[in-house]
Amino acid sequence: MSTIIDVSSVSKSYGGVKANTDISLTVETGGITGLIGPNGSGKTTLFNSIVGYHPIDEGSIKFEGQEISKKLVPEIARLGLLRTFQQTRIYGEMNCVENMLISLPHRKLSLMDAFKKNTRADRDKAEQFLDFVGLYEKRFLQAGSLSFGQQKLLEFAMALMNEPTVLLLDEPTAGINPTLINGLIDRLKRANSEFGITLFIIEHNMRVIMNMADKIYCLAHGEMLAEGTPAEIQDDQRVIDAYLGAH
Amino acid sequence: MSKTLFYIILGIITVIAPFAFPAFQTQLATLWLMIIVAQSWDMTGGQMGYNSLGNIFFYGTGMYVAAVVTIGLVYPVGEYTGAAGGGIYTFTPDEYFLGMALSIPAAGIFCALCAFIIGYVTFGLRGPYFAIGTLGVAIAGGEMVSNWDWIGGGQGISMPSYPYNFDQFKTVIYFLYAILGIALFFFCRWLYQTRFGAAINAIRDDEEKAEAMGIHTMRYKLIAWAISAFFVGAAGAISAFQLIHFEPLETAYQTINLGIFMVVCVLLGGKGTLWGPVIGAVMFHVFKELTWNYFLGWQWVALGALIVVVVVFFQDGLMGYLKYKRPEWFGIAVDTKEAKV
């Protein structure tokens, strides 16, 4: 497998707080890569660095071999590198179908295309994905009125609608009830295998991430603590210490 | 079908009204002006979530562009304004109507360009800062024009007067506004159904998310404001012909009157809806004229009270209230049908 995201020696600090120090990792094309670590270990900061929310202090980030650490958020998104948010972000005043239609990949639209109406095919696709995440019945409700878990599912469906190459998911199962989680794991796996989307996932739920990921990176105190397969990570004493607070 | 019938009836009323109520022609024309400025304000304020308090800039600029184009086609503008009413400048009917035909689109296009340039700077601001920033632009615009002697400075500028009789003039102005208003309405009706419409709604609901999804946010914001400015500028040009003489601070760049009224209209009717600005403009205009007629002296107090009541109790306006009370009228409902996929 080839590397699609290549993060090398990235550091980022907020004032005196070093959120990321000398982080290097790679995400393989077509795989599922996990990123774990205790609260405040710099996972979301790293995600934000990758998708261009803030400039990094040092290091380089490459996407498909292209340097992206100087690019702006929408530019990176248009390359096909998409992220979802820890706190869901959906368009609250629009209904689910509209939320989906607005997520059509604008990188594939010309300016003239923007002044056309959505086609029947776009709508069908939107409804298909809504059905895929189990929100078909609620598709005409305002997205803001959905429960938090449903909003997460909607956000995931919107991301799929955008046809990304790589999807960065920030805690996809946080706030979702345990019965739905199994369904979500299944759908994430299918998104990976059926739609060929490379996944890079931040997750606190060990059962979820150990089930899905091919490779896991563990951060602690803004530094790379360990990397390896789920089995290796589970046996790593440093990871166990970090989570149980031996430091 | 019933919708088409509804539009046809409204169309017939629009055509008949000025002849049925000749004494109200100017009132009805002003009502159309309110509808145009409210509807175009809503494009950025309601649909895109950027509350501009400076759209009046385009109204004033449209007026001055109309004057400069109409006069400039026949006489040197500096000489015309320099005479300050002393010289005799006549316009033939042909010159008058050519000026009218050219200056209304010219005002719109010029204002759209202004919106691109101003927007490039001000769209870096968000929320209340954008509102204050654009208000600053409008005030600065008025001050700049009032110090620019070439176009009459603080004294203002006079348009040529209508070459035929005055009653006909009022009817012409009414229909100019009405045509522009109807064009704007149907343009919005189409625009809000396109992907562009959805994109500006997305910017309203969560601009960061829209950026993260790869939407060309800056591009769409500039286009939306330019379209809005085009219609306000064109309406300003018609106003220039209607008012004949106007000056910068109280008439053209009237930030505290029309500049605020357009916002209140939209709030009354309901932000971010197609019909809200139209209904709001009608409600506001009726309210304003009634208080001006029957509570003279207290009219500003009544208007202030109305604004307070709207802002505190009916933030979503009439349409927003209906949407809340009767969501099923707007298609907001659980659909229990099985997916046909």
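This is a predicted model: local features need pLDDT of at least 70, side-chain atom pairs count only at pLDDT 80 or more; totals for chains, interfaces and linings use all residues.
A:Ile56 sits in the loop between α1 (43-51) and β4 (58-63) of chain A. Is A:Ile56 buried or exposed? Count the other C-beta atoms within 10 Å: there are 23, so A:Ile56 is buried. A residue needs 20 or more to be called buried.

Now show what A:Ile56 touches. Leaving out residues up to four places away in sequence, the partners are A:Val10, A:Ser11, A:Lys12, A:Ser49 and A:Ser69. A:Ile185 and A:Ile56 are 129 residues apart in sequence. From C-alpha to C-alpha, the two lie 32 Å apart in space.

Stay in chain A and select α4 (120-132). The crossing is right-handed.

Which residues make this contact? From α4(A), pick A:Lys125, A:Ala126, A:Phe129, A:Leu130 and A:Phe132. From α5(A), pick A:Ala157, A:Leu160 and A:Met161. Colour them by class: seven are nonpolar, one is charged and none is polar.

Now bring chain B into view. How many residues does each chain give to the contact between them? Chain A gives 36 residues and chain B gives 27 residues. On the side of chain A that touches chain B, select α2 (73-78), α3 (96-102) and α4 (120-132). Each of these helices supplies at least two residues. The largest share, four residues, comes from α2(A). By class, this side of chain A has 14 nonpolar, eight polar and 14 charged residues.

Move to chain B and select helix α2, residues 25-45. At 1.5 Å a residue, its 21 residues should span 30 Å. Check the end C-alpha atoms of α2(B): they are 29 Å apart, which agrees. α2(B) is mostly covered, with 17 of its 21 residues buried.

Last stop: B:Met262. Find B:Met262 in helix α12 (residues 258-269) of chain B. B:Met262 has 31 C-beta neighbours inside 10 Å, so B:Met262 counts as buried. Then select B:Met34. B:Met34 and B:Met262 are 228 residues apart in sequence, but 6.6 Å apart in space, C-alpha to C-alpha. Finally, show what B:Met262 touches, not counting residues up to four places away in sequence: B:Val37, B:Ala38, B:Trp41 and B:Asn55.

How values were computed. Residues are numbered from 1 along each chain as its sequence is written. Chains are lettered from A and ligands numbered from 1 in the order in which they are written. Two residues are in contact if their C-beta atoms, placed from the backbone, lie within 7 Å. Ala, Val, Leu, Ile, Met, Phe, Trp, Tyr, Cys and Pro count as nonpolar, Asp, Glu, Lys and Arg as charged, and the others, Gly among them, as polar. A crossing is left-handed if the near helix is turned anticlockwise from the far one by less than a right angle, and right-handed if clockwise. The expected span of a helix is 1.5 Å times one less than its number of residues. A residue is buried if 20 or more other C-beta atoms lie within 10 Å of its own, exposed if 12 or fewer, and partly exposed in between; C-beta atoms are placed from the backbone.
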